[in-house]
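Subject: Structure handover

Hello,

Here is the structure I said I would pass on. Please look it over before reading the notes under it.

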Amino acid sequence: MRFKEIDEKIIAASVVSRFLRYVQVWTTSCRHVEKTPSTPGQWDLAKLLVEELQALGVQDVTLTDSCYVIAHLPASAGKENVPCVGFLAHLDTSDEVSGKDVKPRLVEDYDGGVIYLAGNRRLDPALDPDLAAQKGKSIIHTDGTTLLGADDKAGIAEIMGAVECLIQRSEIAHGDMEIIFSPDEETGKGLPDFPYEKSRAAVCYTLDGGALGEIEVECFNAAEAVITFTGKSMHPGYARGKMANAVVMAANFVNMLPRSESPEATDGYFGYFYASEINGTTERARLDVLVRDFDLGVMKERLERLEFFAKAVEAQFPEGAVNIEITDQYHNMKEKIDERPEALDMLKQALSNTGVDVRIKPIRGGTDGSRLTEMGVPTPNIFTGGRNWHGTLEWASVPEMTAACKVVIELIRLWGEA
Ligand SMILES: [Zn+2]
């Protein structure tokens, strides 16, 4: 299928207007809240999407008790028996930076210069080659006070744009299309309360990736370690030889984490320990360490090392105790995707058909796709055109968002021929 010039413009306009609307809904999630969704704002976006899907004419739309939107665009006549293909994006944004009162700025025909933002922040093309490459194109960035939320509202806008296009262009024959918008991806809970009974996708794609052409079929194995330090508190004036200070115990533990195996010291296929949060008093302190590795064997070894560090701290503080609780978060999806190569083959074909060069890279993180893959639905991840996620310097490329939307349309069309 060839997209004509007019289609490009219609698709871009649809994706951009949707994106600008969605990012203004405050959907920051909170990883310390157990229930799903972790924050009420995610309902607002979910309800908006339900309304928009219904307004487009999609009849089979469900909003679950846990804030999943799951919808189906029925197959074209004669395509009822081709595999159902799912497209998934997440409603929430990271809680590392505020996602409240996002004021997106659309720059048409970007001049390639420095963009000044609030608080002395700036988008500098000299420091960001990807940004420099957007000269003459349209981009969307923040005002510098919040994140943008392209992770993952770009993905949502691209899927919605594809649904709109498929409804308007009924000559594009396709099979059953499943649309899923999930809450709390950023909390690392991994699709809690997923409505499996409503899902019938044989293969799925997340739109939760980065730059044009990047597709991802390999992600970290991930675990969270919550380490509790129990000290022995007493009057500091009479503490000599008696006090065990949980604050110092925790600091000691952090010092044992190898600096060369931290997020800020690694890239590519190297895993890490990430001391992500710490708080406490003399009596009791808590440290959260996120452990990541592509190799499951090395991952196990990393978790064992945490136990060694705990014993070493206890040896230095005989009056204190260290306890580690490990929660498995998600697994590398490569092995499972390799078992069903057609999911990736079809994706590569869709990129090629829409004129996008394929770049396969490992995800230094996870997506909801890793969970679905584990459940037997191979779920590669597709670029969305967003950059600098989880920060105030986040921006998104309009031509790349348009390209992602076209890939979705081409993918569902290709699967219709399977
Ligand atoms: Zn994401």
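This is a predicted model: local features need pLDDT of at least 70, side-chain atom pairs count only at pLDDT 80 or more; totals for chains, interfaces and linings use all residues.

Residues are numbered from 1 along each chain as its sequence is written, and side-chain values use heavy atoms, with hydrogens and water left out.

(A pocket is an open set of points on a 1 Å grid over the protein atoms alone, where a 1.4 Å probe fits, with protein on both sides within 12 Å along at least five of seven lines; lining residues have an atom within 4 Å of a point. The volume is the space filled by probe spheres set on the points, which are joined across faces, edges and corners.) It is lined by 13 residues, and those closest to its centre are Asn 221, Leu 296, His 331, Asn 332 and Glu 335. Domain 1 (5-219 + 332-416) and domain 2 (221-330) both contribute to this lining, so the pocket lies between them; the domain bounds come from an automatic or database domain assignment. Helix H7 (334-339) and helix H9 (368-374) supply at least two lining residues each. (Helices, H or I of at least four residues, and strands, E of at least two, are DSSP runs numbered from the N terminus.)

Aromatic pairs. There are nine of these in the structure. (Rings of Phe, Tyr and Trp, the last by its six-membered ring, pair if their centres lie within 6.5 Å; planes under 30 degrees apart are stacked, over 60 edge-to-face, the rest tilted.) Tyr 68 and Phe 194 make an edge-to-face pair, because their planes stand at 90°, with ring centres 5.6 Å apart. Tyr 68 is in the loop between strands S1 (60-63) and S2 (69-73) and Phe 194 in the loop between strands S8 (177-182) and S9 (203-207), so the pair ties together parts 126 residues apart in sequence. Tyr 68 is buried at 0% relative accessibility, and Phe 194 is buried at 6%. (Buried means under 20% relative accessible area, exposed over 50%, partly exposed in between, with a 1.4 Å probe and protein chains only.)

Strand residue. Thr 230 lies in strand S11 (residues 221-230) and is partly exposed, at 32% relative accessibility. Beyond its neighbours within four places in sequence, Thr 230 contacts Met 249, Glu 283, Arg 284, Gly 320 and Ala 321 (contact means heavy atoms within 4.5 Å).

Regards
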